[in-house]
Amino acid sequence: MAKNKKKPSKLKQKLTDKYRLVVLNEDTFQERFSLKLSRLNVFVFGGIFSIILITLTTFLIAFTSLKEYIPGYSSTKLKKDASRLTYEADSLRTRLAVLENFTKAIRPVLTGEIKPEAIDSIKTEVSKNTVIDYEKLEPSAKDLKFREEIQNKDRYALSAGNTNKAKIVFFAPVKGNLTQSFNAANKHFAIDIVATTGTPVKAIADGTVILSGWTTETGYTITVQHTNNYISVYKHNGELLKQQGDFVKSGEAIASIGSTGELTTGPHLHFELWHNGYPVNPTNYINFQ
């Protein structure tokens with residue numbers, strides 16, 4: 001029992017025994033530095049220093065870019081690229097599903113499983129089963145009265161149109177030979193004027209550019225809104241000089257003659273004139289010679 005009581009006292013004594021650390025000058029043996037230590041102090045200070053060192057290292061790695069050098073840890077750029085590629089893959093998957101559905105729907109027609117005769121027979125059968133009540137198609141008395149009022153208002157529309165026409169004078173966009181005239185029956189709502197490449201294309205009147213850009217069929221195209229609901233369209237230009245929203249004066253250069261677009265046949269101007277949403281023959285308003 002006495003031996004067991006002495007063991008803890010020896011361990012405590014070893015931990016609390018003081019030791020002196022002295023730094024001497026080797027030549028003169030002069031004391032430069034001394035420090036009193038014990039085993040317990042060394043353990044305590046060593047533990048505190050280790051905890052501080054581990055904490056600082058953890059913060060340094062967690063809140064700086066050093067963590068990207070740790071094997072298995074992905075960088076921020078890699079995460080962004082992965083997210084972007086995920087979205088693109090999802091978009092491509094959706095497009096692929098649409099194409100597959102379209103191909104599945106059109107495959108019977110392409111492979112000949114559905115014959116044109118079958119489609120015609122369906123239409124014929126539907127038309128046979130359809131009964132038209134012609135009495136319901138006849139105009140009522142109210143409709144007849146309304147039509148009569150409209151006809152009376154439009155009876156002198158010709159003179160009113162001449163009055164509107166007199167309010168605005170159009171300037172020829174370019175001088176040249178007309179190779180194709182206005183033909184509403186063939187749906188050619190314009191005239192084609194041949195001119196040398198680079199010749200300025202001028203605005204026919206004051207207005208605002210409402211469209212200035214490129215299309216596959218008509219190339220460089222510019223459209224101008226004028227007063228009295230007139231719109232002029234200039235297609236197949238070689239270069240556009242005005243942008244959407246610009247205000248142009250009558251006779252001001254807005255483009256140059258070119259041959260752009262798939263439907264062009266050479267350097268010329270495809271010119272259209274619209275009034276109140278309907279195409280009109282530009283030669284009735286402008287002298288191109």
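## Exercises on a predicted model

Ser250 is partly exposed, with a relative accessible area of 37%; here buried means under 20%, exposed over 50% and partly exposed in between (1.4 Å probe, protein chains only). This is a predicted model, where local features need pLDDT of at least 70, side-chain atom pairs count only at pLDDT 80 or more, and totals for chains, interfaces and linings use all residues. Residues are numbered from 1 along each chain as its sequence is written, and side-chain values use heavy atoms, leaving out hydrogens and water.

**Exercise 1.** Find where Ser250 lies and what it is in contact with.

*Solution.*
- Start with the loop between β9 (247-248) and β10 (253-257), which holds Ser250; strands are DSSP runs of E, at least two residues, numbered from the N terminus.
- Next, set aside neighbours within four places in sequence: Ser250 is in contact with Phe171, Ala203, Ile204, Ala205 and Asp206 (contact: heavy atoms within 4.5 Å).
- Finally, take Gly207, 43 residues from Ser250 in sequence: the C-alpha atoms are 7.9 Å apart.

**Exercise 2.** Explore the largest nonpolar core.

*Solution.*
- Such a core is a set of buried Ala, Val, Leu, Ile, Met, Phe, Trp, Tyr and Cys residues joined through side-chain atoms within 4.5 Å.
- The largest has 28 residues, and Phe170, Ile204, Tyr234, Ile254 and Phe271 have the most contacts inside it.
- Elements giving two or more residues to this core are β4 (191-194), β7 (219-225), β8 (230-240), β10 and β11 (268-275).
- Now pick Phe271: beyond four places in sequence, its contacts include Ile204, Tyr234 and Phe288.

Conventions: Helix = DSSP H or I, 4+ residues; strand = E, 2+ residues; numbered from the N terminus.
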